[in-house]
Amino acid sequence: MFRKKRKQPQFKIVPIVIGVCVVLLALVVAVSYWPKQQVTIEREQVVLRNSPDTLAESIGELTSSTKVRLLEERNGWARVRTENQQEGWLPIWFLDNRTLINDQAIAAQLLIDTPVYGEREESGPLVTTIVAGSYLLVSQEAEGWLSVQLTSEELTDEDSTELETKGYIPTRLVNLVPEERALAHNEAYRFEKLRAYDPEAIAAARLEVEPEVTIQFANEPLYEEESTYSQVLYRAMPGEVFSLVGELAKHKDDDFYLIESSEGERGYVDSDRVAVNTFSVGRLEGPIISQLSKATIMLDPGHGGVDTGALSWDSMAEEKVATLELALEIKKQLEAKGATVLMTRDEDHYVELIERTEASNVNEVDLFISLHIDGSEDSYWSGTSTYYYHQTDKTLAEAVNQELDNQELENLGIMFGNYHVLRENTRPSILLELGYISNYYDVEVIFSHEYQKSIAKSITKGLENYFTTSE
């Protein structure tokens, strides 16, 4: 009798397939949450922030060659996770732009006529439209929008009654550049406006004023002739006022002025040692504003190009080099305080005196500082000096000079100076002589980085004190 062969047990195909599908689905879900892309940071000073905003809190700084996982991209920002599991936001526009040093000191170069909105949305109110080629400083970039400050130069009367207005521009419409590039461009643009400056209007107004000469120094000699070797007729005291004989325009740059007392007595006086009232016509008395952070300051590094200025005893050191180095350091420290700084020159080239004063007048700066280094045939002469021409600028001179007391070189004090850049300036202005290049000791100090930083700090502090006097 044969038994039937028992059937072998069959595998259940359906449960196995279902199991495999569940595993695959789980993997798909897991992958969807797992970072999709590893990115290597190829920049320095990349700040990781807790939200897509340049003003957001920093939660760390990434260095070059750091690897991160890309989690999300949104409006020009990337949310990433670092190897130590920190999550934060990076600006993609900074990672891709090699001209930018960091995500802070940036500006917008407008490539097309660009609308500026009152809110962070293109359906919002339109503030104005800025023409292509302009540069605007950026205070913030957040989720695809730039926050910019518009000055009265960019606004029409219909746009705003305020001196400054905040506006918003889509980041995608502009080219982001370093702030220094924008400042340099804007400074060059302001200098172009010199062509529109009309000195004839000022000269005409001065002709309407009867010119008077005010003595500045004690026992000032009045000579019989136009020579210091001629007979002294009279010695005047500071504050004494004389009439100027003849038209100022005809001999304003002469070595001597012919002046007359109220009694009709005449004599010649050294023109460098007196102030003439007509030069004060149209001047603006300062302080104009009350905060250094709101100020526009023009620095004037003396000499330049073919004009070396004073030379050291061995002719190796030049005044023009020292003044530029000092100006750049002062500019750096003033800008750190929020001031806007313009310069009559930022490299070694020659600038006429009239161009320096016109730059100050046309740009309507809040104050003007001319920087120089003294020289003398006597190598023992040493120290710093502060000069002013207009009596209304004496407050500015005092504020800065007081801080120079703290310097390594002796402070020789405040003096009257009949210099073109002061006399012809319609803005508050002083001239600083920051040492003697002809002195063996001074010249070493002047060119030291420590002295230049210290001088810049003192001048900045003096200007802070000066502006607060208008509160």
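The points below take up the salt bridges and their surroundings.

1. This is a predicted model, in which local features need pLDDT of at least 70 and side-chain atom pairs count only at pLDDT 80 or more, while totals for chains, interfaces and linings use all residues. Residues are numbered from 1 along each chain as its sequence is written, and side-chain values use heavy atoms, with hydrogens and water left out.

2. A salt bridge is a side-chain nitrogen of Lys or Arg within 4 Å of a carboxyl oxygen of Asp or Glu. By this rule the model has 15 salt bridges.

3. Arg49 and Asp103 form a salt bridge, with 3.0 Å between the closest N and O atoms. Arg49 belongs to strand 2 (residues 46-49) and Asp103 to the loop between helix 2 (92-95) and strand 7 (106-110), so the pair ties together parts 54 residues apart in sequence. Helices (H or I, at least four residues) and strands (E, at least two) are DSSP runs, numbered from the N terminus. Both Arg49 and Asp103 are buried; buried means under 20% relative accessible area, exposed over 50%, and partly exposed in between (1.4 Å probe, protein chains only).

4. Arg273 forms a salt bridge with Glu220, the closest N and O atoms lying 2.8 Å apart. Arg273 is partly exposed at 31% relative accessible area, whereas Glu220 is buried at 2%.

5. Lys337 and Glu464 form a salt bridge, their closest N and O atoms being 3.7 Å apart. Lys337 lies in the loop between helix 6 (319-336) and strand 22 (340-343), and Glu464 in helix 11 (residues 449-468), 127 residues apart.

6. A network of salt bridges links Glu72, Arg74, Arg79, Arg81, Glu87 and Glu143.
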